[in-house]
Amino acid sequence: MPHRRPSTTVCILTMNRVETLRESVDALLPGLDNAPGLGDLLILDQASRDATGDYLAGLKQRLADRLTIISSPVNIGCAGGRLALVEY
């Protein structure tokens with residue numbers, strides 16, 4: 001049986017920090033691009049009211065099935081966000 005490389009999912013929590021999110025994603029993408037099919041990105045947007053939604057929509061077009069976006073209608077905090085990502 002062939003050896004399977006482990007799959008990695010990078011999870012990011014965000015709320016109203018589109019520029020920080022953009023910088024983080026830009027720093028992560030080269031690593032994900034070097035492992036096609038093995039690296040995914042999961043972003044939890046906690047009710048952002050800045051340009052985060054627009055940025056995520058454009059990012060979804062670029063990354064397609066390698067990006068999962070969870071949009072929370074309220075800020076559930078860091079601990080709540082981590083729990084939501086684990087449960088996902």
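These are my notebook entries on a predicted model of one protein chain.

**Ground rules**

I number residues from 1 along each chain as its sequence is written, and I keep to heavy atoms for side-chain values, leaving out hydrogens and water. Because the model is predicted, local features need pLDDT of at least 70 and side-chain atom pairs count only at pLDDT 80 or more, while totals for chains, interfaces and linings use all residues.

**Entry 1: overall layout**

I began with the secondary structure. The protein chain has 3 helices and 3 strands. Along the sequence I read the pattern β-α-β-α-β-α.

Next I looked up burial. Of the 88 residues in the protein chain, 31% are buried. My classes are buried for under 20% relative accessible area, exposed for over 50%, and partly exposed in between, with a 1.4 Å probe and protein chains only.

Then I checked contacts, meaning heavy atoms within 4.5 Å. I took those between residues at least 6 apart in sequence, and 77% of them join residues at least 24 apart.

**Entry 2: the salt bridge**

How many salt bridges does the structure hold? I found 1. The term needs a side-chain nitrogen of Lys or Arg within 4 Å of a carboxyl oxygen of Asp or Glu. The partners are glutamate 19 and arginine 22, with their closest N and O atoms 3.5 Å apart. Side chains of opposite charge can pair when their charged atoms come close.

Both glutamate 19 and arginine 22 sit in helix α1, residues 18–33. They are 3 residues apart, about one turn of the helix.

**Entry 3: α1 against α2**

Two packed helices are described by the angle between their axes and the distance between the axes. I looked up both for α1 and helix α2 (residues 52–63): the angle is about 20° and the axes are 10 Å apart. The axes are lines fitted to C-alpha atoms over the stretch in contact, and angles run from 0 to 180 degrees between N-to-C directions. So α1 and α2 are roughly parallel to each other. The cut-offs are under 35 degrees for roughly parallel, over 145 for roughly antiparallel and 65 to 115 for roughly perpendicular, with the rest oblique.

Which residues meet? From α1 I listed Val18, Leu21, Arg22, Val25 and Leu29. From α2 I listed Thr52, Tyr55, Leu56, Leu59, Arg62 and Leu63. This contact divides into 8 nonpolar, 1 polar and 2 charged residues.

**Entry 4: positive phi at two alanines**

Alanine 47 is not a glycine, yet its phi is positive, about 60°. I placed alanine 47 in the loop between β2 (39–46) and α2. It counts as buried, because its relative accessibility is 18%.

Alanine 64 also has a positive phi, near 50°. Its place is the loop between α2 and β3 (67–72). Alanine 64 is partly exposed at 38%.

Leaving aside neighbours within four places in sequence, I found aspartate 50 in contact with Asn16, Arg17 and Val18.

**Entry 5: threonine 68**

Threonine 68 is in strand β3. It is partly exposed at 25% relative accessibility. Not counting residues up to four places away in sequence, threonine 68 touches Leu41, Leu42, Ile43 and Tyr88.

Key
Helix = DSSP H or I, 4+ residues; strand = E, 2+ residues; numbered from the N terminus. Nonpolar A, V, L, I, M, F, W, Y, C, P; charged D, E, K, R; others polar.
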